Amino acid sequence: MEQALAELRQRLGKLIDLRRTEAVLVWDLQVFMPPGGAPSRGSQLATLEKVIHAHAVDDRLGELFDELEPYAASRPADDPDACLVRVAKYDWSKARRVPADLAAELAETVTLSYEAWVRAREASDFAAFRPWLERVLDLRLRYIECFAPYDDPYDVLLDDYERGMRTDEVREIFAVLQPELTSLVAEHASDERDEFLHAGYPIPGQEALSRELIGRFGATWDQFRLDLTVHPFQVTFGLGDIRLTTRYDDNDLLSLFTAMHECGHGLYEWGVNPAFERTPLAAGVSSTLHESQSRLWENVVGRSLPFWRWFFPRLQQTFPGQLGTVSVEDFHRAVNRVRRSFVRVDADETSYGLHVILRFELEQELISGRLAVADLPEAWNTRFEELMGISVPNDSVGVLQDAHWSGAGFGYFPTYLLGSVLSVQIWEKVRAALPDVDEQIARGDFSELHAWLRENIYSLGRMLTPAETIERVVGGPIDAQPYLAYLRDKLELFTPA
């Protein structure tokens, strides 16, 4: 048994090495590679994907699973070796449903599609991106058919990001959220412009503050990097090599929230039990859990008054001309103000969910064939105006604003809102365990918060399923009500008596 387990670990270690090598190439594509490198990079990634696929579906892995399953079944449910066998077999079984040629074609296509999206977004030219999106969508539809029969084609895509969750479950949660969020936006949205948020903020100061925040949250710069990209993301090359990306605009301070968001992702990956390194357990368990951490650090912590009582003086020191006469209360109100805005990543907490629901609905229609790619901009603009009450001026801040569809990321969007909801359920558990957490934050001390999250969430990696992890951490399934109460309570602070 020990010999079989050792061989399994050795084979899985090689597979993880290959996957992380692929991640390096994708990271470079989005951070440093000149646009002209896309064709070559596409070929490289297609070649590498075929090599990875061969390792991922190897018959020998199946033999090892057959040998090890009785042993795994005899162990406790949270025994690391038993979890490794279960998770690795799940990944192997799923990978075997997808032909190598399809996996390679998808890897090459999304590389070229990404560069086409960057150009189209800059030019606000959906027509230029349309053929690429049609091609990517066709590949995803072929991917879905690898998993037939299914109850809902969108289930197949959702499962890639939130194992075991079904589209109907998401619809039920969003059906609770949408009318409440719509009502809150209608009641609290303001056209008031806080001019001090757009007073001109030199980028070197923003970068220094972003790095300071990431460090104070617990990251160390011998194991983290922060680089520039078009659409920020986080990626892990190893438990000691966490890559964050961001973007800056000298007309606002949104980069600070981007830094906190991506840092949340990075802390999750960095906090996985080191014993899981070079195994499939060494990663966040799902996109919803991941987004719960990015949104917790960005919003629950990063938009709170205790946080700004600590950090606002640093902001004033860095930008005295812009913020020297602004009170912390006014700044806190400004970064929480409900605004009808076009761009999801720049949205306030309350309206953010409506941006996600829009994408979730459009994705389902694209996947089912009820909506053609050619009609997507019109559908986006019409639905957006219905949800937000404002007209989209161009495709750059409309249908082209996100990178996800260029990379075939259909199924990811709902996890942003699910993660936001879950972040508040987790925060309730944090408050119970750390009653003085607000006082700690107001001192700029995040050590106990980080340690609690690391012990109770991050260290688990993929040991349990997403549903099991959520049950273990918050004591039940995803529940929209605490999130809605959190939003109502926050907005009540800013409502005149």
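I traced the ring pairs in this predicted model and found a cluster that links Phe 196, Phe 217, Phe 257, Trp 297, Phe 307, Trp 308, Trp 310, Phe 311, Phe 312, Phe 331 and Phe 446. My search of the whole structure gave 33 aromatic pairs. I looked at one of them, Phe 342 with Phe 384, which is stacked, at 6.0 Å centre to centre and 25° between the planes. This pair links distant parts of the chain, 42 residues apart: Phe 342 sits in the loop between α14 and α15, Phe 384 in helix α16. I noted Phe 342 as partly exposed because its relative accessible area is 25%. Phe 384 has 2%, so I put it down as buried.

Next I looked up charges over rings. Arg 211 lies over the face of Trp 221, 3.9 Å from the ring centre. Arg 243 is placed over the face of Trp 27, at 4.8 Å from the ring centre.

I then turned to the second largest pocket, whose volume is about 370 Å³. Its lining has 18 residues, and Val 300, Trp 427, Arg 431, Tyr 486 and Lys 490 lie nearest the centre. By class I noted ten nonpolar, two polar and six charged residues in this lining. Helices α12, α17, α18 and α21 each supply at least two of the lining residues, and α21 has the largest share with six.

Last, the cysteines. I found zero disulfides in the whole structure. Cys 83 is at 0% relative accessibility and therefore counts as buried. Cys 146 also counts as buried, because its relative accessibility is 17% and the cut-off is under 20%.

Key: Residues are numbered from 1 along each chain as its sequence is written. This is a predicted model: local features need pLDDT of at least 70, side-chain atom pairs count only at pLDDT 80 or more; totals for chains, interfaces and linings use all residues. Side-chain values use heavy atoms; hydrogens and water are left out. A disulfide is a pair of cysteine sulfur atoms within 2.5 Å. Buried means under 20% relative accessible area, exposed over 50%, partly exposed in between (1.4 Å probe, protein chains only). On a 1 Å grid over the protein atoms alone, a cavity is a set of points where a 1.4 Å probe fits but cannot get out, and a pocket is an open set with protein on both sides within 12 Å along at least five of seven lines; lining residues have an atom within 4 Å of a point. Grid points are joined across faces, edges and corners, and a volume is the space filled by probe spheres set on the points. Helices (H or I, at least four residues) and strands (E, at least two) are DSSP runs, numbered from the N terminus. Ala, Val, Leu, Ile, Met, Phe, Trp, Tyr, Cys and Pro count as nonpolar, Asp, Glu, Lys and Arg as charged, and the others, Gly among them, as polar. Rings of Phe, Tyr and Trp (its six-membered ring) pair if their centres lie within 6.5 Å; planes under 30 degrees apart count as stacked, over 60 as edge-to-face and the rest as tilted. A charge sits over a ring if NZ of Lys or CZ of Arg is within 6 Å of the ring centre and within 35 degrees of the ring normal.
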